[in-house]
Amino acid sequence: MQNITVIGAGTMGNGIAHIFAMKNFSVTLVDISETALEKAITTIGKNLDRMVRKEKISEADKAATLGNITTSTNLPEGVSNADLVVEAATENVNLKLKIFKQIDENAPAKAVLASNTSSISITKIAAVTNRPEKVIGMHFFNPVPVMKLVEVINGYGTDKSVTADIMELSKKLGKVPVEIKDYPGFAANRMLMPLLNEAFFTLYEGVAGVAEIDTVMKLGMGHPMGPLQLADFVGLDVCLAILNVLHDGFGNPKYAPCPLLVNMVTAGKLGRKSGEGFYNYKEGGKDLVIATQFV
Ligand code: NAD
């Protein structure tokens, strides 16, 4: 595999393009938005500058990495020469199904089609293509250049040789891949989201406050970030959507989202990205300030 097309140039897409380009793959980064593409290249440039400053790479490495990336707003053209397509567009089922149909129609027959989805069934995505055996999940973690884990998710019909190729490729990127079967939440979110949900219930039921809950998990369990701070970082809307996928997918009430989370998302308190969640990010500067309603 040499030619990699990344669909979606947002938070994850720019990181995925960055790591492939650093390892000398030829990367085409596709987005519907020209602005998103420009922003992605700026972000990759800034992240590479940081690596130069830390003397992890040279100026020449930076230039070579950026030189390995081309951008496009034309998906059919962007995938026409791909050996591997990694889709990292907005998390929306109908959008992903539409994109995969389009990729399948335009990418070479031998190309492997991967999705970075956090919660959508790989088997469902594969079913809209004519090559379900070549469709796989490649679930990276944010920030992609830093986080080592890749969940490699086998759809119901994914060919074993495709899985082996993607495991090998992930290692070439300097990542640690783990092989997972395609069931709701895969493995990481299936374990993480119930933990976060229990933290929401602990707050909702008045057992402990925001600072106390996060302190318990940081100092008692050695977590680098407390669950409420982590939820703010992930996005409370994203947490709710994944809990709903687990709840619907398994039909088990243990995954029912905490009513406090539902209320916060309805009120537009989505965590860091909206400026407020369990913490207030507008007034807080660098220090975490607990949102007024929880004080
Ligand atoms: P984002 O909103 O930052 O970026 C999504 C990008 O997709 C946008 O630039 C948008 O313009 C583009 N897009 C929308 N429709 C498109 C189309 N038809 N063709 C091409 N581009 C299109 O989202 P993100 O956080 O980068 O998430 C992307 C994917 O990665 C999602 O499936 C998400 O579940 C998954 N994911 C996210 C995280 C995370 O922490 N953010 C972690 C792991 C996986």
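To start with, how many salt bridges does a search of the whole structure find?

Analyst: The search turns up 8 salt bridges in the whole structure, a salt bridge being a side-chain nitrogen of Lys or Arg within 4 Å of a carboxyl oxygen of Asp or Glu. Before we go on, this is a predicted model, where local features need pLDDT of at least 70 and side-chain atom pairs count only at pLDDT 80 or more, while totals for chains, interfaces and linings use all residues. Residues are numbered from 1 along each chain as its sequence is written, and side-chain values use heavy atoms, with hydrogens and water left out.

Now for the place where the parts meet. The domain assignment, which is automatic or from a database, gives domain 1 (3–181) and domain 2 (189–294). Their C-alpha centres are 28 Å apart. At the interface, 4 residues of domain 1 are in contact with 4 residues of domain 2, contact meaning heavy atoms within 4.5 Å. Together the two domains bury about 310 Å², 57% of it on carbon and sulfur atoms; that is accessible area (1.4 Å probe) lost on putting the two parts together, summed over both. On the domain 1 side, Ser 118, Ser 119 and Asn 142 lose the most area, together 81% of what that side buries. The residues of domain 1 that touch domain 2 come out as 4 polar, no nonpolar and no charged.

What about salt bridges there? The count between the domains is 0. Elsewhere, Lys 96 pairs with Glu 87, their closest N and O atoms being 2.6 Å apart. Both Lys 96 and Glu 87 are buried, that is, under 20% relative accessible area with a 1.4 Å probe, protein chains only. Asp 104 and Arg 131 also form a salt bridge, at 2.6 Å from N to O. In general, side chains of opposite charge can pair when their charged atoms come close.

Terms used: Ala, Val, Leu, Ile, Met, Phe, Trp, Tyr, Cys and Pro count as nonpolar, Asp, Glu, Lys and Arg as charged, and the others, Gly among them, as polar. Buried means under 20% relative accessible area, exposed over 50%, partly exposed in between (1.4 Å probe, protein chains only).
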